[in-house]
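Please keep the sequence and the model open while reading.

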Amino acid sequence: MVIRSSSYPRLPRMYWGEIVYATPGCGKTFVANKYRDVVDGDDMIVEAISEVSPNFEHGYYDDPRTVIFRFFRYINFNRRVMWKVYNSALRKMHAACDIDDVVLIGTMDLMHEADRIFIEEDTDYVRNGFKDKRSREQDEAECSQATYHSLYL
C-alpha cells in the first residue's frame with residue numbers, strides 16, 4: 001500500500017523516482033509506512049506472484065516476505081519462475097518510479113537494479129537469517145553502478 005495523503009511527509013527529492021536497495025531488517029517497511037509516495041518492493045513482488053502463478057493461494061498476510069518465501073518454497077526455488085516474478089515486479093517498480101515514487105527493495109537478486117544502495121554495517125540491526133549473506137551483499141554493492149551508502153544505526 002502506498003500512502004498518498006499530503007498529511008505525510010515525503011522523502012527528500014533526491015530519492016524521488018529511484019529504486020533503493022537496503023539491507024534486510026534495516027527499516028524499509030517502517031519508512032514505507034511513514035512517508036508518502038514510498039512503495040515497499042516486496043508488495044510488488046507479491047502482486048507479481050499473483051500474476052505469474054494465479055493458482056497459488058497466498059491468503060491473508062501481514063508481512064509480504066512470508067508470501068514470497070512460501071511461494072519460492074512452493075516452486076522449489078526454480079530460478080526460471082523466480083525471474084518471471086522478478087521481471088514482472090520490476091516492470092511495476094519502474095512504473096512507480098516513472099511517477100516519482102520511491103521503491104524500497106531488500107532482495108539481493110534485484111540489487112543490480114537499484115539506483116541507490118544502503119548497507120547496514122551494524123550487525124545488531126541486520127535480520128538474523130541475513131547475517132551469513134553480508135559479504136555477498138557487500139561485493140554486489142561495490143560492483144554496482146549505484147550510489148552506495150553505509151548505515152550505522
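In which loop is Ala-146 found? Ala-146 sits in the loop between α5 (134-143) and β5 (147-151). Helices here are DSSP runs of H or I of at least four residues, strands are runs of E of at least two, and both are numbered from the N terminus.

The model is predicted, so local features need pLDDT of at least 70 and side-chain atom pairs count only at pLDDT 80 or more, while totals for chains, interfaces and linings use all residues. Residues are numbered from 1 along each chain as its sequence is written, and side-chain values use heavy atoms, with hydrogens and water left out.

Ala-146 counts as buried, at 13% relative accessibility. Buried means under 20% relative accessible area, exposed means over 50%, and partly exposed lies in between (1.4 Å probe, protein chains only). Ala-146 touches Ala-114, Asp-115, Arg-116 and Ile-117, not counting residues up to four places away in sequence. Contact means heavy atoms within 4.5 Å. Phe-118 is 28 residues from Ala-146 in sequence, and their C-alpha atoms are 10.0 Å apart.

Ser-53 belongs to the loop between α2 and α3. Ser-53 is buried too, with a relative accessible area of 16%. Leaving aside neighbours within four places in sequence, Ser-53 is in contact with Phe-71 and Tyr-74. Pro-9 is 44 residues from Ser-53 along the chain, with 36 Å between their C-alpha atoms.

**Helix α5**

Which residues of α5 are buried? They are Arg-134, Glu-137 and Ala-141. Seen down the axis of α5, these residues fall within an arc of 60 degrees, so they line one face of the helix. The arc is that of the directions from the helix axis to the C-beta atoms. The buried residues of α5 pack against β1 (19-22), β4 (116-120) and β5. On the other side of α5, Ser-135, Glu-142 and Cys-143 are exposed.

**Helix α2 and its partners**

Helix α2 (residues 41-52) and helix α3 (residues 64-74) have axes that come within 9 Å and cross at roughly 40 degrees. Axes are lines fitted to C-alpha atoms, for helices over the stretch in contact, and angles run from 0 to 180 degrees between N-to-C directions. α2 and α3 are therefore oblique to each other. Angles under 35 degrees count as roughly parallel, over 145 as roughly antiparallel, 65 to 115 as roughly perpendicular and the rest as oblique. The crossing of α2 past α3 is left-handed. A crossing is left-handed if the near helix is turned anticlockwise from the far one by less than a right angle, and right-handed if clockwise.

From α2, Asp-42, Asp-43, Ile-45, Val-46 and Ile-49 meet Pro-64, Arg-65, Val-67, Ile-68 and Phe-71 in α3. By class, this contact has seven nonpolar, no polar and three charged residues. Ala, Val, Leu, Ile, Met, Phe, Trp, Tyr, Cys and Pro count as nonpolar, Asp, Glu, Lys and Arg as charged, and the others, Gly among them, as polar.

The axes of α2 and α4 come within 8 Å and cross at roughly 130 degrees. That makes α2 oblique to α4. Here α2 passes α4 in a right-handed crossing. The α2 residues that meet α4 include Gly-41, Met-44 and Ile-45, and among those met in α4 are Lys-84, Val-85 and Tyr-86. By class, the contact of α2 with α4 has 10 nonpolar, two polar and four charged residues.

**The buried face of α3**

Pro-64, Val-67, Ile-68, Phe-71 and Phe-72 are the buried residues of α3. Seen down the axis of α3, they fall within an arc of 130 degrees, so they line one face of the helix. Their cover includes β2 (38-40), α2 and α4 (79-98).

**Positive phi values**

Just after α3, Asn-76 takes a positive phi of about 55 degrees. Two other entries are tabulated here.
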